[in-house]
Amino acid sequence: MDHILLIVRSITQAQRMERTLGQVGIPSQIYRAPAELTDRGCGYAVSIQSKQLTPALRRLQEMGLRPVRIYQNDGKTYKEVRV
Amino acid sequence: MIYFDSCATTLEKPESVAQAVAQALHTMSSPGRGHYPASQKAEETAYQCRAEAAELFHVDSPENVVFTMNATHGLNIAIKTLIRPGMHVVISGYEHNAVTRPLHTIPQVVVTVVDAPPFEPAQMLDGFRKALAGGAQAAICNHVSNVFGCIQPVEEIAALCREFQVPLIVDASQSAGILPVDLLGWGAAFVAMPGHKGLYGPQGTGLLLCHHETDTVLEGGTGSASKFQEMPEFLPDRLEAGTHNMLGIAGLLAGIRFVRQTGLNAIAGHEKDLTQYAASLLQKEEGLTVYTRPGFACQTGVLSFTAAGHDVEEMGEQLADRGIAVRAGLQCAPLAHRTAGTLETGTVRFSTSYFNRKAQVDAFFDSVHEIIRGNTRF
């Protein structure tokens, strides 16, 4: 299923994002970041539905949170999203 | 045993703390190390502990709440981040060795010690004002003295530090869980605290609240940015190398919840009432010097005393023989004793927790009386 991965720098930041998004009704899930998506090793990702990207980023910005990178997954490949 | 050494470690913990520790032993691995239930449970517990501590101590983000082994560990990080060789530092005359020993390791540091008698916050504040105006580049102050229980004017000292744009480190070892601790309101660079005293967590836990960039004192695995040999630049990972003490963190979370549910006012009020009562009994006893002030205005549940003709360590042992636990000697704070004029004798320190009761204070006093007079009170 089409979804967005917000790559974050730590598990703590991922948890903070998950809760921040949950407060405004945007469901998300935390995953270990796929190795191919992080050039730093051992990262975390917060997954949201693609249609939630804009409100999610707005809410995260309000709370001073910024993902390191953003990827869209169509079920097969990851494509970086530039915002 | 009747325990009056909570200044060192609270011995009686809420039952929820013991349960949380036991549960963690069997269910939690390490946070940030895997996507399986035992790691996720540890992640959830660690995050919740940071988040609830951030709320209690007014930290802007859970990420700025760092787990440490104890307050000493946190103070070492804070001091070694801020203080460089040759810098001028102002400290209160009531600092613990956890502050003075790390400072002692930094070459050519110039330390101005603000001497003021215990329970004289205005004099302490005036001393900080003069030292800051004289060019001090960093300030360190404990919130409450671990020897005398005197409450320092930290809020006012923090305001001075902001005025002079000098970073402040607060040692909240004796106040966390008892008095309001306000990292953002104070504008302090760091606040360090143990988990095992007023927060009722297990030994081996502590928190460093950060509002400043940090240097590391320990390097290693963090479960993040693993390709690089440099420690991550972001908190809390930057300061949390190695496997987390999840038993401790789970217990600390339960302890913080106990404190929040009970309320700081209820805890502080209870401890103060007991200690004021103890002071009133001790002050009636001839030959005792009790370090307190009428009205108990700026004192927590900590009380020091000496007995003429009685060595404090012997008094501590004799009390222990009667089932009363107190701390005697210099309490790892020779500077505080020097400032108060008790360096040569030390003191016997009585310190309370929320779990002490008035009848225990009576039993403590009966024992003191018995030791001094060689007979019982009644």
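Author: Let us begin with the domains, whose bounds come from an automatic or database domain assignment. Chain B is divided into domain 1 (2-10 + 263-373) and domain 2 (15-262), and the centres of these two domains of chain B, taken over C-alpha atoms, are separated by 26 Å. Please keep in mind that this is a predicted model, in which local features need pLDDT of at least 70, side-chain atom pairs count only at pLDDT 80 or more, and totals for chains, interfaces and linings use all residues. Residues are numbered from 1 along each chain as its sequence is written, while chains are lettered from A and ligands numbered from 1 in the order in which they are written.

Reader: How many residues does each domain of chain B give to the contact?

Author: Two residues are in contact if their C-beta atoms, placed from the backbone, lie within 7 Å. By that rule, domain 1 of chain B contributes 30 residues and domain 2 of chain B contributes 32 residues. On the domain 1 side, the elements that give two or more residues are α9 (264-283), β10 (302-307), α11 (334-340) and β13 (347-351) of chain B; here helices (H or I, at least four residues) and strands (E, at least two) are DSSP runs, numbered from the N terminus.

Reader: Is β10(B) buried or exposed?

Author: A residue is buried if 20 or more other C-beta atoms lie within 10 Å of its own, exposed if 12 or fewer, and partly exposed in between, with C-beta atoms placed from the backbone. In β10(B), 6 of its 6 residues are buried. In a regular strand the side chains alternate between the two faces of the sheet. Here Val302(B), Ser304(B) and Thr306(B) point one way, and Leu303(B), Phe305(B) and Ala307(B) the other way.

Reader: Which strands pair with β10(B)?

Author: Strands of a sheet pair through backbone hydrogen bonds, either parallel or antiparallel, and two strands are counted as paired if DSSP finds at least two bridges between them. Strand β9 (residues 288-291) of chain B runs antiparallel to β10(B) and is joined to it by 4 bridges, with Leu288(B) having Ala307(B) as its bridge partner. β13(B) also pairs with β10(B) in the antiparallel sense, over 4 bridges, and Phe305(B) stands opposite Val348(B) there.

Reader: Which residues have the most contacts inside the largest nonpolar core?

Author: A nonpolar core is a set of buried Ala, Val, Leu, Ile, Met, Phe, Trp, Tyr and Cys residues joined through C-beta atoms within 7 Å. The largest one has 83 residues, and Ala139(B) and Val191(B) have the most contacts inside it. Helix α8 (residues 246-262) of chain B gives the most to this core, with 9 residues. A second, separate core of 36 residues includes Phe4(B), Val144(B), Phe305(B) and Ala336(B).

Reader: What is the order of the strands in the open sheet of chain A?

Author: The 5 strands follow the order β2-β3-β1-β4-β5 in chain A, with antiparallel pairing. Because β2 (29-32) and β5 (78-80) of chain A stand at the edges, each with a single partner strand, one side of each is left without a neighbour in the sheet. Strand β4 (residues 69-73) of chain A pairs with β5(A) over 3 bridges, in the antiparallel sense, and Tyr71(A) has Glu80(A) as its bridge partner in β5(A).
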